[in-house]
Amino acid sequence: MEKIRLDILGLSSSQSQMGSFALVLGERQGNRRLPIIIGGFEAQAIALEIESIKPNRPMTHDLILNIARAFQLELKEVIISDLKEGVFYSKLIMFQGDVFHEIDARPSDAIAIGVRYKVPIFVYDFILNEAGIVVKDSEILPTEPEETIPGSGITDEPASANPPLSKNQMIKKLISQMEEAIAGEDYERAA
């Protein structure tokens, strides 16, 4: 079976399931996207690691990483290995010296651990063919570095009350709010 390398393209609130998030993965060499619905805790764990934010105490996925490293288990890759009745399955491909371990995991947990190890994420081609979404080049709009976003959606004030923010200004403001939330251990808000 052919493995396709994926990158994490984004996380967003799931409109179909309250309290869940859509993790969007995209093939590295192509235009197919794979959306996976994941829980809030897993989304938070992935987002914190992607943004290089270290909580005051280790979270569950950090603990798993610390235990694995203490026992000299090295993760080589994450594979989204199956899709049955709308449920994705994945495996952690690990080595302990020369001993190979294939560990079953939910994709959300596997990816949360994988981003900590900084290993590649793969999916089998048949899964991407079945559950993937093809994005046409015309649907991918280029953005200007200083694109303005009226209102920015950062506060509860109406858009007309907010002067337009550049993309860079909005990112700085979001990072500041995220750091503030982490300092107060409000990880859900930070994610």
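A charge is taken to sit over a ring if NZ of Lys or CZ of Arg is within 6 Å of the ring centre and within 35 degrees of the ring normal. In this predicted model, R69 lies over the face of Y117, at 4.9 Å from the ring centre, and K3 lies over the face of F122, at 4.6 Å from the ring centre. Local features need pLDDT of at least 70, side-chain atom pairs count only at pLDDT 80 or more, and totals for chains, interfaces and linings use all residues. Residues are numbered from 1 along each chain as its sequence is written, and side-chain values use heavy atoms, with hydrogens and water left out.

Two aromatic pairs are found in a search of the whole structure (rings of Phe, Tyr and Trp, the last by its six-membered ring, with centres within 6.5 Å; planes under 30 degrees apart count as stacked, over 60 as edge-to-face and the rest as tilted). The rings of Y124 and F126 are stacked, because their centres are 6.4 Å apart and their planes stand at 10°. Y124 is buried, with a relative accessible area of 17%, whereas F126 is partly exposed at 34% (buried means under 20% relative accessible area, exposed over 50%, partly exposed in between, with a 1.4 Å probe and protein chains only).

Strands β4 (residues 74-84) and β7 (residues 121-124) run parallel and are joined by three bridges, and V78 has I121 in β7 as its bridge partner.

Methods:
Two strands pair if DSSP finds at least two bridges between them. Helices (H or I, at least four residues) and strands (E, at least two) are DSSP runs, numbered from the N terminus.
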